[in-house]
Amino acid sequence: MNYVFQFNIVWDHLPELLEGALLTIRLSAMAMALGLCLALLCAYGQSAGPWPVRWLVASYVELIRNTPFLVQIFIFYFSLPMIGIRLTADAAALAAMTVNLGAYASEIVRAGIEAIPRGQIEAARALGLKRLQIFRFIIIFPALKTVYPALASQFILLMLSSSVVSTISAVELTAITNSLTSTTFRSFEFYFVATGLYLAMALGFRAVLSGIYWTTFQRGRGA
């Protein structure tokens, strides 16, 4: 093997890689927050909404879960301008990631809702609580606690899937890496370092999500 490794080139372009990694983190964090809110709305609609709402939510979930993420990104970035809705690459990436996560996370949250004992819900109804109050005070907290590990895994998967948005020129880590490899022809070095950065981001998100779980669901449990 005559290949000579030149990681000094990567060091010269490290600020650009870190800038791409920062955008990946920012996009992923925003999509996680917005996607979770969308998932909660969908889960509420499916569990307590009238049948038209349930049908709309179920159709949305099936549409997103049975179509490629790449096609969804192209719709937001290339198709919407045809009807007068123009989004920047970053905005289209954020919208696609949010909509995609919302569909998957809503099914996870719904599974947690279905795990709540029916007796608790009946007791809340007997006390005169309305549907929204039951969902807010009785259902959502234990449901999220039950499915939190699955949600956290879905969040990490979303962050790793964000590399796909490089196809619409969103300048996240993969896009920056592709650009640098095309100009320096040092594919091994740049993709090796990009892999390390994705691993570091995944572990970092996992640590943050674990901290959120402990703070929200575990701290003070004994009391």
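## A buried glutamine

Gln 46 has a relative accessible area of 16%, and because buried means under 20%, Gln 46 counts as buried. Do keep in mind as you explore that this is a predicted model.

Where does Gln 46 sit? You will find Gln 46 in helix α2. Setting aside its neighbours within four places in sequence, Gln 46 is in contact with Arg 54, Val 57, Ala 58, Glu 107 and Arg 110.

## Helix α2 against α3

Two packed helices are described by the angle between their axes and the distance between the axes. For α2 and helix α3 (residues 51–65), the angle is about 135° and the axes are 8 Å apart. That makes α2 oblique to α3, and the crossing between α2 and α3 is left-handed.

Which residues meet here? From α2 come Leu 38, Cys 42, Gly 45, Gln 46, Ser 47 and Ala 48, and they meet Val 53, Arg 54, Val 57, Ala 58 and Tyr 60 in α3. By type, the residues of this contact between α2 and α3 are seven nonpolar, three polar and one charged.

## Helix α2 against α5

Helix α2 (residues 14–48) also packs with helix α5 (residues 89–114): their axes come within 6 Å and cross at roughly 45°. The two helices, α2 and α5, are therefore oblique to each other. The contact of α2 with α5 is made up of 20 nonpolar, seven polar and three charged residues. As for handedness, α2 and α5 cross in a right-handed way.

In soluble globular proteins, nonpolar side chains tend to be buried together. In this model, the largest nonpolar core has 55 residues, and those touching the most other members are Leu 17, Met 97, Val 109, Ile 113, Ile 139, Leu 151 and Met 159. At least two residues of this core come from each of α1 (7–12), α2, α4 (69–79), α5, α6 (118–126), α7 (131–161), α8 (173–184) and α9 (187–218). Which helix gives the largest share? That is α7, with 14 residues of this core.

Take a closer look at Ile 139. Leaving aside its neighbours within four places in sequence, Ile 139 is in contact with Ile 113, Ile 116, Ile 121 and Ile 134. There is also a second, separate core of six residues, among them Cys 42, Tyr 60, Val 61 and Ala 103.

Definitions and conventions: Residues numbered from 1 in each chain as written. Predicted model: local features only at pLDDT ≥ 70, side-chain atom pairs only at ≥ 80, totals over all residues. Heavy atoms only, no water. Axes fitted to C-alpha atoms, helices over the stretch in contact; angles between N-to-C directions. Helix = DSSP H or I, 4+ residues; strand = E, 2+ residues; numbered from the N terminus. Parallel < 35°, antiparallel > 145°, perpendicular 65-115°, else oblique. Left-handed = near helix turned anticlockwise from the far one by under 90°. Nonpolar A, V, L, I, M, F, W, Y, C, P; charged D, E, K, R; others polar. Core = buried A, V, L, I, M, F, W, Y, C linked by side-chain atoms within 4.5 Å. Buried < 20%, exposed > 50% of the residue type's maximum accessible area, 1.4 Å probe, protein only. Contact = heavy atoms within 4.5 Å.
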